Amino acid sequence: MSRFQDSKNILLHLNLLRVWNLFLLRSSYYLSRILKREISFGYPASLSIEPTTACNLGCPECPSGLKQFTRPTGKIDLNLHQNMLEQVKQSVFYINYYFQGEPFLHPQFLELIKQAKQAKIYTSTSTNAHFIDQQKAEEIVESGLDRLIISIDGLTQETYEQYRVHGNLEKVILASKELVSAKRKLQSTTPHLIFQFLAVKPNEHEIPQVFELANEIGIDEVRIKTAQLYDYEHGNSLMPENEKYSRYIRQKDGTYKIKGSPGNHCWRMWSGSVFTWDGKVVPCCFDKDAKHVLGDITTDPFQSIWKSHKYRAFRQAILINRQEIDICKNCSEGTQVWS
């Protein structure tokens, strides 16, 4: 399925109520930027929901893979997930089932997708593809999942495992082939399959080849993603030599800074939210360890959390001085960083 068809599929999950909500979100976002005062009409149009914090890999820039979380490891309960959907389905038309962890380590992950599809919501997820065989590939297609991002950060095992520590490239390629085969067998245009290549120094020379491999297998799209690095000010061994592929730029004094000027605004804080596996509500995907919990959906209705003083104060803080917020300092939102 082409990018155009995938975009069309997203739009097909809109209805009049969801379109009106988008208008309210955009209006309040721009009013907030102009007036420098938090105004929030409407409710989120998109969500990230975390199936699990568990992961089988040990990627060097990932707190989940490095087992560095201070929050507990676990998996979302189906009843809690259904409760989430009931509370947000009028406004939300897009859910990314990924935050931290490997989604397919959740034994009932595809049940989450089926529940969301019953609510007529576009669904997406990201995977390292180590748990997808022929049977699972067919189950994925049958679940109705709309988009599947496959992380493939190298085209030789030696290159791949320098970032995807403990990973097996052969499993990723085989899983990709099984998914393409399952789509053809079941005559399905979904899920839209994306190869996501995280550009780092060890693999940047292989970027042209990933497009060739995707074409050979039948993958729908390739995305080259810039890497978020935690220790970047004085350079980093993972930082690409070609600045086109880097989220950071070298300054005259030899230190590095994130490209662009983020500014005191962030559309994500109006358009979406993130739910952890145990029901905590955090502002965005950069709050990986859930340090800024804005509410708990197991004890309070989400609409109350979204309009709460705590949530509104966080948005206001972004409008005043975004760079004072720890999770915003290494964020590329609004900087037009190439990815």
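A residue counts as buried under 20% relative accessible area, as exposed over 50%, and as partly exposed in between, with a 1.4 Å probe and protein chains only. By that rule Ile34 is exposed, because its relative accessibility is 67%. The structure is a predicted model, in which local features need pLDDT of at least 70, side-chain atom pairs count only at pLDDT 80 or more, and totals for chains, interfaces and linings use all residues. Residues are numbered from 1 along each chain as its sequence is written, and side-chain values use heavy atoms, with hydrogens and water left out.

Ile34 is found in helix α2, as is Leu35, where the helix covers residues 16-35. Leu35 counts as partly exposed because its relative accessibility is 45%.

**Salt bridges**

The whole structure holds 16 salt bridges, each defined by a side-chain nitrogen of Lys or Arg within 4 Å of a carboxyl oxygen of Asp or Glu. Three of them are tabulated.

| Pair | Distance, N to O |
|---|---|
| Arg315 and Glu38 | 2.8 Å |
| Glu138 and Lys185 | 2.9 Å |
| Lys201 and Glu241 | 3.6 Å |

Arg315 lies in helix α11 and Glu38 in the loop between α2 and β1 (46-49), so this pair ties together parts 277 residues apart in sequence. Both Arg315 and Glu38 are buried. Glu138 in helix α5 (residues 134-143) and Lys185 in helix α7 (residues 169-185) are 47 residues apart in sequence. Glu138 is buried at 19% relative accessible area, whereas Lys185 is exposed at 55%. Helices (H or I, at least four residues) and strands (E, at least two) are DSSP runs, numbered from the N terminus.

**Cavity**

A search of the whole structure finds one cavity of 30 Å³ or more. A cavity is a set of points on a 1 Å grid over the protein atoms alone where a 1.4 Å probe fits but cannot get out, and lining residues have an atom within 4 Å of a point. The largest cavity has a volume of about 70 Å³, and its lining includes Cys266, Met269, Phe314 and Arg322. Helices α9 (268-271) and α11 (309-321) are the elements that give two or more residues to this lining. By class, the lining has nine nonpolar, no polar and two charged residues.

Technical notes
1 Å grid on protein atoms, 1.4 Å probe; cavity = no way out; pocket = protein on both sides within 12 Å on 5 of 7 lines; lining within 4 Å. Points joined across faces, edges and corners; volume = space filled by probe spheres on them. Nonpolar A, V, L, I, M, F, W, Y, C, P; charged D, E, K, R; others polar.
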